[in-house]
There are 2 protein chains.
Amino acid sequence: METLDVVVVGAGISGLTAAWRLQQAGCSVRVLEANARVGGRTLNHQFAAGDVVEVGGQWVGPTQDRVLALLRELALPTFPLWNRGDNLTLFGGKLKPYRGTIPRFAPHVLLDVLQAQLRFERLSRQIPLEDPAQHPRAGDWDRMTFAEWIRRTLKTAHGRKVFELMAGAVFAASPHEFSLLHALFYVKSGTDFDTILAVEGGAQQDRIVGGSQLISLCLAERLGDALRCGQAVRRVVQDDQGVQLFTDTDSFRARRVIFAIPPTMLLRLQIEPLLPGWRDQLLQRQPQGCVIKCMALYERPFWREQGLSGQATSEHGPVRLTFDNSLPDSPHGILMGFIEGEEARHWAACTEAERRAVVLDCFARYFGEQALAPREYVDKCWADEPYARGCYAALFAPGVWTGGAARLREPVGRLHFAGTETATRWMGYFDGAIEAAERAVAEVLRA
Amino acid sequence: METLDVVVVGAGISGLTAAWRLQQAGCSVRVLEANARVGGRTLNHQFAAGDVVEVGGQWVGPTQDRVLALLRELALPTFPLWNRGDNLTLFGGKLKPYRGTIPRFAPHVLLDVLQAQLRFERLSRQIPLEDPAQHPRAGDWDRMTFAEWIRRTLKTAHGRKVFELMAGAVFAASPHEFSLLHALFYVKSGTDFDTILAVEGGAQQDRIVGGSQLISLCLAERLGDALRCGQAVRRVVQDDQGVQLFTDTDSFRARRVIFAIPPTMLLRLQIEPLLPGWRDQLLQRQPQGCVIKCMALYERPFWREQGLSGQATSEHGPVRLTFDNSLPDSPHGILMGFIEGEEARHWAACTEAERRAVVLDCFARYFGEQALAPREYVDKCWADEPYARGCYAALFAPGVWTGGAARLREPVGRLHFAGTETATRWMGYFDGAIEAAERAVAEVLRA
């Protein structure tokens, strides 16, 4: 049997980038992907009407230098998310228009939210991205959930709801599912509060022409025969000379392996010798967030005629956050909404028809009756994806960072770990996936 | 291929009890156990000196009616844990003797601890054991970690440490790793605070002659050829007629399957059709606790000569809790200590020699220099066990109970779920393992 230089497990952006860089460096490489497709947590969807959108991750933005460079390299152009007109906010039963990132709250609520944001950023700026546990106060911050910090810091019920909404938007989770230290790290990892939340100048600024899955599709094309889809790795056996990988039908041998899969999927592989107990315990404490991404396609973007941007935020679920996801070269209008965290687990258990009804009700609440009759509807429950089991990314539970999560990046013999959850910049985003790939590739090339 | 009535996955107390009851009811049964041994999270260890002790779960106590009945049925006698003499407590650098469950703290600390205990029990008594999420305040209590409740409720630093110590002793975890609702449920599930913490009259009262693994060994003997060890189930395929189970070497077919394994192990099986996303998400949020059980054998129980019980509690780790685990029919003395939660993950990464040194140092701190020179030492890191990956039991993270954890007990087609984590009484204990088995058996027999 041929011994490859490297086998990469997982053909998302992280795995494919790693494989391509290794191939460019002259290594013999195979990428083993469990699904029949590449892309990981990115996935294009073509409406019958022709419009191609993403039911997975979709945005890139400023300071995401690695993914922007990769897009240039792959000659994939971007275009801005539609961001003109009034945003809407629905709090306390009242629908109000606003511009920018923060709605026009009552002055005491605004004060509450801004003070908390400043306080959060003052702490966040201090976090060492390489290892948040090194901060002198890391222990306190990691023993506390983000929810506890919100309860302690925000003085108004309305302000607390705003922060919970932001947690949902950024983490696809409720703030009691991860530690304050993780929240502080994550926001700094994505530059700062404003950058992570904003459309213009922020993480939701730009989209990729043809859909974000094109990143992986283009890389897959370059990798050619080195990529094997439908090859779910089940067992990985490491010895002094190399690593043997077993899928349901085949077996591969390599000098090094790079895993580019979410922590909860890594946990499920049969790795021999066993990963050390502390690693397994930490992986058990990195569950995936939960999101259902929902889209409705209309003949035209009717909300624009009312001067609306298509962006809404609300304290009422299940869709608490919407965007105008229409394509610039299409006459159709596309509304997109997220169901996040606990609500996503609830609605994942329902039928698509039930979800469609409730999602369109939410859209109608924000944009009027016309939203009830789309030409097409699509949604994607990421918890149901067999090799993701959730999105956007893993949440670090209290105690995980201070328990040594930064060391999960370190190789175990010939096994290396990539995937966006091992990144220090833009963890959870495409950019982090690429950083992680570059680090793992550097480790392998050094070895 | 023969179609069995039932295949049980996992030969711990829950799985073996289920299989035996089914066999008694006339069903054809196989138990598939991944390890070469039975017992799950119970495991006997024979010292070279001859004394047989447990490096896993060991105690039974009053109100654990199911396991006490099973012990009678299997003709396995019990004996009380050594509980004479003074207990020791080490807080604030001072070693003090005491009797009973609660040390002689300073009056303001004692008041603080007792008030908090009363408050906790007032809430705990209200929890509906079938489904804690049905309590009107379940939402609030499940969005909060037990650590947050401790910080809010206890007024003294010393009192908070006492509660953290209790969390470690009962859950093998830090109080920020599970929700207040889970803590309230768990304590009521084990009757009440005093019962769960006490030796005499409580969960640490009695031991099983010959070691607790005998429960499983006796059941295994009765099951005979129906038990197959070294058969790790990897893949489970359900269709209209039955279920096919695949191990590394064999395949089995059954009308029904009972899983009697911890949630994090269930998560790792390849089940087809896939478990629904919400189930997978909840299982991702039920990580195992973490404990290293450590024992040193001495020529004689020298601490008894100083009037000490061998029981010590301390704010200083890694061993914060000890017991006299000597056997009544042996001249030897055996000290037992627990390393729990985050400290267990830390010390699991060290060598046994390093652990031995630090554990003996702890023993010496409580019982004097003689403790430094045992005849034998043994410890067991449960996080390193390939098919447990932690002990004592799963922790329910914030949001898990209210997210529908009670529904994890419900069958999925022909798949049924046992294991102590699905019990309503004495979850996490032998007794809960048996309750869960009896429920799953009743489901199967009804079907």
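The questions and answers below concern a predicted model.

Q: What makes helix 11 of chain A largely enclosed by the rest of the structure?
A: Buried means under 20% relative accessible area, and 8 of the 8 residues of helix 11 (residues 277–284) of chain A are buried, so the helix is largely enclosed. Among them are A:Trp278, A:Arg279, A:Asp280 and A:Leu282.

Q: Which elements do the buried residues of helix 11 of chain A pack against?
A: Elements of chain A and chain B both take part. From chain A come helix 10 (263–266) and strand 20 (415–417). Chain B brings helix 10 (263–266), helix 11 (277–284) and helix 13 (341–348).

Q: Why is A:Lys155 called exposed?
A: Exposed means over 50% relative accessible area. A:Lys155 has 60%, so the label exposed applies. This lysine lies in the loop between helix 5 (146–153) and helix 6 (157–171) of chain A. On the surface, A:Lys155 gathers with A:Arg119, A:Arg122 and A:Arg125 in a patch of positive charge.

Q: How do you know that A:Glu343 and A:Arg320 meet in a salt bridge?
A: The rule asks for a side-chain nitrogen of Lys or Arg within 4 Å of a carboxyl oxygen of Asp or Glu. Here the N to O distance is 2.7 Å, so the pair qualifies as a salt bridge. The pair links distant parts of the chain, 23 residues apart: A:Glu343 sits in helix 13 (residues 341–348) of chain A, and A:Arg320 in the loop between strand 16 (308–314) and strand 17 (321–324). By the same rule, the count over all chains comes to 58 salt bridges.

Q: What separates B:Arg152 and B:Glu148 along helix 5 of chain B?
A: About one helical turn, because the two residues are 4 residues apart in that helix (residues 146–153). An α-helix has 3.6 residues a turn, so residues three or four places apart point the same way. The side chains of B:Arg152 and B:Glu148 meet in a salt bridge at 3.1 Å, N to O.

Q: Is B:Glu443 buried or exposed?
A: Buried: B:Glu443 has a relative accessible area of 10%, and the cut-off is under 20%. The side chain of B:Glu443 also meets that of B:Arg439 in a salt bridge (2.8 Å, N to O).

How values were computed
Residues are numbered from 1 along each chain as its sequence is written. Chains are lettered from A and ligands numbered from 1 in the order in which they are written. This is a predicted model: local features need pLDDT of at least 70, side-chain atom pairs count only at pLDDT 80 or more; totals for chains, interfaces and linings use all residues. Side-chain values use heavy atoms; hydrogens and water are left out. Buried means under 20% relative accessible area, exposed over 50%, partly exposed in between (1.4 Å probe, protein chains only). Contact means heavy atoms within 4.5 Å. Patches are made of residues with over 30% relative accessible area and no salt bridge: like charges are joined within 9 Å, nonpolar side chains (Val, Leu, Ile, Met, Phe, Trp, Tyr) within 5 Å. Accessible areas come from the Shrake-Rupley method with a 1.4 Å probe; for residues, only the protein chains shown count as cover. Lys and Arg count as positive and Asp and Glu as negative; His and the chain ends are not counted. The place of a charge is taken as NZ of Lys, CZ of Arg, CG of Asp or CD of Glu.
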